[in-house]
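Please keep the display open and look up each element as it is named.

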Amino acid sequence: MNELTDLDRAIYEWQLDVPGFGEKGQRILRNSTALVSRCGGLGGPICQSLAAAGFGKIIIAHAGNLRLDDLNRQILMRHDDVGKPRAASAKATLEAFNPNVEVEAIDENITEANAADLVSKADVVFGAAPLFEERFLMNRECVRQGKPLIDSAMYNLEGRIITIVPGESACLACLYPEIPPNWKRRFPVIGAVSALAAQIGVMEGIKLLAGLGTANANKMIYFDSASMRFQTIALKRNPECEVCGGA
Ligand SMILES: [Zn+2]
């Protein structure tokens with residue numbers, strides 16, 4: 001395990017004071033790799049907070065080039081990057097923000113072909129993809145490989161965050177055995193709502209890794225920013241779940 005350097009102590013001084021975190025928690029993050037599936041409205045703020053917190057490595061998987069209509073929420077991107085690959089733009093922003101974090105940018109979304117390999121490289125996975133197909137693939141691979149998955153999602157003014165600890169908690173497929181029938185690819189979004197869901201997800205991941213506080217496995221954290229009402233909704237494992245039922 002890599003020890004903390006003097007530079008680490010200088011950068012992270014304010015969070016080293018957090019009770020229950022300290023040098024031990026920082027060392028865990030310094031030696032951890034996070035995989036983030038997509039770096040858009042959700043994944044971008046996730047990556048930025050992971051970099052701020054001092055994760056050792058962040059792997060970003062996101063295909064395609066930046067569009068003008070991404071810029072209301074994709075905070076790692078710059079106007080000048082329109083037409084260029086999103087993952088590379090995100091990497092450049094993160095490396096400028098915290099050069100002590102290694103960032104690997106992959107110009108691909110999560111697919112059947114790459115999911116197992118990418119998940120195998122991570123200690124924790126943050127799912128921030130808009131498509132259920134990708135979320136289900138991440139869920140299946142994380143359950144299979146025993147890697148914690150924080151699945152964050154938002155729609156309109158609402159957010160939903162699920163912390164999945166394989167073998168212990170309900171997985172995404174327990175909750176959604178199939179793609180919800182009324183689900184749409186194009187969704188209404190204000191960037192602050194996706195960023196809010198993202199930050200809740202990041203804290204769930206940090207808590208799980210560093211043993212800080214209580215992670216919300218077997219619960220969905222739901223918020224409605226129209227009223228700023230927050231709820232935690234109990235989830236149950238489905239013994240018939242095709243993904244985790246036998247785990
Ligand atoms: Zn399940």
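1. In helix α5 of this predicted model, the buried residues are Arg 86, Ala 87, Ser 89, Ala 90, Lys 91, Thr 93 and Leu 94. An α-helix has 3.6 residues a turn, so residues three or four places apart point the same way. The elements that cover the buried residues of α5 include the helix α4 (43–53) and the strands β2 (57–61) and β3 (102–106).

2. Helix α5 itself runs over residues 86–97, and its 12 residues reach 17 Å from the first C-alpha to the last, which is close to the 16 Å expected at 1.5 Å a residue.

3. Which residues does Ile 60 touch, if residues up to four places away in sequence are not counted? Among them are Ala 87, Ala 90 and Lys 91, together with Val 36, Cys 39, Cys 47 and Val 103. Ala 87, Ala 90 and Lys 91 were named above as buried residues of α5.

4. The largest nonpolar core has 71 residues, and those that touch the most other members are Val 36, Cys 47, Ile 58 and Ile 60. Helix α9 (residues 191–210) gives the most to this core, with 11 residues.

5. The sheet is open and is formed by 8 strands in the order β3-β2-β1-β4-β5-β6-β7-β8, with mixed pairing. Strands β3 and β8 stand at the edges with a single partner strand each, so one side of each is left without a neighbour in the sheet. Direction ignored, neighbouring strands of this sheet are turned by 15° against each other on average.

6. Helix α7 (residues 132–145) packs on the sheet, where it touches β1 (33–37), β4 (124–127), β5 (149–155) and β6, and the direction of α7 makes about 165° with that of β5.

7. Towards the β8 end of the strand order, strand β6 (residues 158–164) pairs with β7 in the antiparallel sense over 5 bridges, and Ile 161 has Ile 221 in β7 as its bridge partner. Strand β7 (residues 219–224) also pairs with β8 in the antiparallel sense, here over 6 bridges, and the bridge partner of Phe 223 in β8 is Phe 230.

8. In the hairpin of β7 and β8, 4 residues lie between the strands, and Met 228 takes a positive phi near 60°. How many of the 6 residues of strand β8 (residues 229–234) are buried? The count is 0, and the strand is hardly covered.

How values were computed:
Residues numbered from 1 in each chain as written. Predicted model: local features only at pLDDT ≥ 70, side-chain atom pairs only at ≥ 80, totals over all residues. Helix = DSSP H or I, 4+ residues; strand = E, 2+ residues; numbered from the N terminus. Expected span 1.5 Å × (residues − 1). Buried ≥ 20, exposed ≤ 12 C-beta atoms within 10 Å, placed from the backbone. Contact = placed C-beta atoms within 7 Å. Pairing = 2+ DSSP bridges. Axes fitted to C-alpha atoms, helices over the stretch in contact; angles between N-to-C directions. Core = buried A, V, L, I, M, F, W, Y, C linked by C-beta atoms within 7 Å.
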